[in-house]
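A short briefing follows the display.

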Amino acid sequence: MTDANSPINPIDPRGAISIGLTKREHFASMAMQGLLSGNLTTNDAEEIATSALQIADTLIEKLNQPLTP
């Protein structure tokens with residue numbers, strides 16, 4: 001199961017606990033990067049951020065679904 005609030009790198013290479021970005025934050029930042037690199041129909045930062053979060057949440061939801069053969 002993918003927990004949206006768990007860190008993307010829970011343990012750093014030295015073995016210390018790492019807080020860092022959550023999976024949701026990481027997925028949203030990647031989605032926002034993709035949105036900003038394409039042909040946007042808006043320059044509204046709030047709308048872009050909302051879209052990025054919706055994409056991240058949808059990905060997490062899909063990752064939590066069982067695999068179907």
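The points below go from the whole chain to a helix, a core and single residues.

This is a predicted model, in which local features need pLDDT of at least 70 and side-chain atom pairs count only at pLDDT 80 or more, while totals for chains, interfaces and linings use all residues. Residues are numbered from 1 along each chain as its sequence is written, and side-chain values use heavy atoms, with hydrogens and water left out.

**Whole chain**

- The chain holds two helices and zero strands, where helices (H or I, at least four residues) and strands (E, at least two) are DSSP runs numbered from the N terminus.
- Of the 69 residues in the chain, 19% are buried; buried means under 20% relative accessible area, exposed means over 50%, and partly exposed lies in between (1.4 Å probe, protein chains only).
- The accessible surface is about 5400 Å², with 57% of it belonging to carbon and sulfur atoms; these areas come from the Shrake-Rupley method with a 1.4 Å probe, and for residues only the protein chains shown count as cover.
- Contact means heavy atoms within 4.5 Å, and among contacts between residues at least 6 apart in sequence, 33% join residues at least 24 apart.

**Helix H1**

- The 15 residues of H1 should span 21 Å at 1.5 Å a residue, and this agrees with the end C-alpha atoms, which are 21 Å apart; the expected span is 1.5 Å times one less than the number of residues.
- Phe 27, Ala 28 and Ala 31 are the buried residues of H1.
- They lie on the same side of H1, because they cover an arc of only 100° around the axis, the arc being that of the directions from the helix axis to the C-beta atoms.
- Gln 33, Leu 36 and Ser 37 are exposed on the other side of H1, whereas the cover over the buried residues of H1 includes H2.

**Nonpolar core**

- The largest nonpolar core has five residues in all, namely Ala 4, Phe 27, Ala 28, Ala 56 and Ile 60; such a core is a set of buried Ala, Val, Leu, Ile, Met, Phe, Trp, Tyr and Cys residues joined through side-chain atoms within 4.5 Å.
- At least two residues of this core come from each of H1 and H2.
- Leaving aside neighbours within four places in sequence, Ile 60 is in contact with Thr 2, Ala 4, Arg 24 and Phe 27.

- Ala 28, which lies in helix H1, is buried with a relative accessible area of 10%.
- Not counting residues up to four places away in sequence, Ala 28 touches Ala 52, Leu 53 and Ala 56, and the C-alpha atoms of Ala 28 and Leu 53 are separated by 5.2 Å although these residues are 25 residues apart along the chain.
- Arg 24 is also found in helix H1, but Arg 24 is partly exposed at a relative accessible area of 30%.
- With residues up to four places away in sequence not counted, Arg 24 touches Ala 4, Leu 53, Ala 56, Asp 57 and Ile 60.

**The loop at Thr 42**

- Thr 42 lies in the loop between helix H1 (23-37) and helix H2 (45-63), and counts as buried at 17% relative accessibility.
- The side chain of Thr 42 reaches the backbone nitrogen of Asp 44 at 3.0 Å.
- Apart from neighbours within four places in sequence, Thr 42 is in contact with Glu 47 and Ile 48.

Definitions and conventions. Polar contact = N/O pair within 3.5 Å; in protein donor to acceptor, adjacent residues only side chain to side chain.
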